[in-house]
Amino acid sequence: IPEAGLDAMLTNYCNDRLGLCADSDGDNSTTQTDALFAVALGVVLTVTQLLGLPLLSKCLSDASLLLVAMLSLQAMMAFGALLYFMPNMFVALAIFASFAGAFMLNPIIDGSLSKRLSDEEQGVGIGVVHSMKGLTASFAPYLFSSLYALFDNDEWLVITPFALGSLLGLCGLVIIMFPLRKVFSAFDENTKTQPV
């Protein structure tokens, strides 16, 4: 939920905090900022997916990879809140860099399911995950953008979407650290002991 929701409001938030792309009349146009950040994010996401994830997957378990991605999401929330108090380009770039780490969640989840489900179960399992992602993508942008618009003129309350995202991310961290890690370990151990 936080990933889809914050994606919808992130460039506007960065533009509002940094005053990027202001024209001569003082009006802020987010069109150039959106394009600039979209290209930067695309490059960072591509590098993360093509280089970072394959390297990390060689030395970390699936549960540890999920933990890294969720910690990246939490870092994005923290940098988002920090941008309110320290509006500078380095913090904005840190938001997008940590967002790229959080974006690894989808391929990690797909790979984890693919390894652990039979050929007959894979379509259903991955279909369920992507339908849930589609469901959250349908209401999360509205929720987070509405929160941002609601508190836009209320000084520090503008960071409310980041606080909500952090709380939701903490729920994911607890699930990864305890029940999911245990399930992955039990499944992997059971697979090792069964003859092929």
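Analyst: A residue counts as buried under 20% relative accessible area, as exposed over 50%, and as partly exposed in between (1.4 Å probe, protein chains only). The model is predicted, so local features need pLDDT of at least 70 and side-chain atom pairs count only at pLDDT 80 or more, while totals for chains, interfaces and linings use all residues. Residues are numbered from 1 along each chain as its sequence is written, and side-chain values use heavy atoms, with hydrogens and water left out.

Rings of Phe, Tyr and Trp (its six-membered ring) pair if their centres lie within 6.5 Å; planes under 30 degrees apart are stacked, over 60 edge-to-face, and the rest tilted. By this rule there are four aromatic pairs. In one of them, the ring centres of Tyr13 and Phe162 are 4.9 Å apart and the planes meet at 55°, so the pair is tilted. It joins distant parts of the chain, 149 residues apart: Tyr13 lies in helix 1 (residues 2-18) and Phe162 in helix 7 (residues 160-193). Helices here are DSSP runs (H or I, at least four residues), numbered from the N terminus.

Both Tyr13 and Phe162 are buried; for Phe162 the relative accessibility is 2%. Ring pairs also link Tyr13, Tyr148 and Phe162 into a cluster. Contact means heavy atoms within 4.5 Å. Leaving aside neighbours within four places in sequence, Phe162 is in contact with Leu6, Met9, Leu10, Tyr13, Met76, Met77, Gly80 and Ala81.

Notes:
Helices (H or I, at least four residues) and strands (E, at least two) are DSSP runs, numbered from the N terminus.
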